[in-house]
Amino acid sequence: MMSLIVYPNGNRQDSGSGFISLYVAIDNSTFVAAHQEVFADLRFYVFKRTERNFFTVQDTDVWRYNIFKTMWGFPRVLPLATFRNPSNGYLFNGDHCEFGVDVTIHTPFQRSELFTVARNFPNPRFSWNILRFSTLLGETYFSDVFSIGGRNWNIQVNPSGAVTGEGRALSMYLLLNANERVRPYEKIYVRAQLRVLNQRASSQWRTIERPIDHWFTGPGLGWGYHEFVPLADLRDPERGYLVNDKLMVQVEMEAISSTRYFPS
């Protein structure tokens, strides 16, 4: 249910002082769910008796009603001085006037999406201790599955490097877990930091950190660096990255997007 609302002295809270303000409000009971929206075209009328026609005002955009915004309209339809001047014909037969509105409701969307980006996770870090690093003969290794931001992830390392880093550098990537469910065309935005931790307190050699700022497009896919750290630096005992044949890597999630679909 909708109602025409007239502010005869202007809506001060909407910078309408000194004007006629006109709005259409929708009843809260219209919205059966928090995500529901109603899209409407509004055309307001003020009758002008001297010319037997209407002064009209209409926006070029559709008005978007929801549980958080239940009233739309114009705070400055007509200046009060213009409206009250008898020669203009808006007031007639003493103190009468006529206002009207045409409301056109657009067909509601059959499906909708709500995209949000979450930050400040309770446990934003995942650390992986890779033991007996020098004995790893395979090309690719994956961490255990870990969950942050409502999604499951893995860290991938290539001890001897991959692509441009092959034989030269440690390669490391963040992957969306292969069993994660992703809708067709859905993308997941991630901002994070990948790290190789320094295991010794050193002012000269510090933890190596590289950023991730990427849209993940499907399970098993990831993003990272073919040349995360040169193998010569990694194996240098003075630098503190490989201690007792243990490598410590970490990811810290800073932002992860999620998309809710209606109906689910």
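Which residues does the UniProt annotation "domain: MATH" cover?

## Annotation and basis of the model

According to the unreviewed UniProt entry, "domain: MATH" covers residues 1–103 and 123–253; UniProt positions follow the numbering used here, feature names are shortened, and annotations may be inferred rather than shown by experiment. The structure is a predicted model, in which local features need pLDDT of at least 70 and side-chain atom pairs count only at pLDDT 80 or more, while totals for chains, interfaces and linings use all residues. Residues are numbered from 1 along each chain as its sequence is written, and side-chain values use heavy atoms, with hydrogens and water left out.

Within the span 123–253, 4% is helix and 49% is strand, and its end C-alpha atoms lie 9 Å apart. Helices (H or I, at least four residues) and strands (E, at least two) are DSSP runs numbered from the N terminus.

## Salt bridges

The whole structure holds 11 salt bridges, each defined as a side-chain nitrogen of Lys or Arg within 4 Å of a carboxyl oxygen of Asp or Glu. One of them pairs R125 with E252, with the closest N and O atoms 3.2 Å apart. Because R125 lies in strand β9 (residues 125–130) and E252 in strand β18, this pair ties together parts that are 127 residues apart in sequence. E252 is buried, at 16% relative accessible area; buried means under 20%, exposed over 50% and partly exposed in between (1.4 Å probe, protein chains only).

E254 forms a salt bridge with R191, again with closest N and O atoms 3.2 Å apart. This pair links distant parts of the chain, E254 in strand β18 and R191 in strand β14 (residues 188–196), 63 residues apart. E254 is partly exposed at 28%, and R191 is partly exposed at 26%.

R239 and D236 form a further salt bridge, the closest N and O atoms being 3.3 Å apart. R239 is buried at 18%, whereas D236 is partly exposed at 23%. Salt bridges with shared partners also join R125, R195, E209 and E252 into one network.

## Second largest pocket

The second largest pocket contains about 190 Å³ of space. On a 1 Å grid over the protein atoms alone, a pocket is an open set of points where a 1.4 Å probe fits, with protein on both sides within 12 Å along at least five of seven lines; lining residues have an atom within 4 Å of a point. Grid points are joined across faces, edges and corners, and the volume is the space filled by probe spheres set on the points.

The lining consists of G149, G150, R151, R181, V182, R183, E186, S258, T259 and Y261. Strand β18 (residues 246–262) gives the most to this lining, with three residues. By class, the lining has two nonpolar, four polar and four charged residues; Ala, Val, Leu, Ile, Met, Phe, Trp, Tyr, Cys and Pro count as nonpolar, Asp, Glu, Lys and Arg as charged, and the others, Gly among them, as polar.
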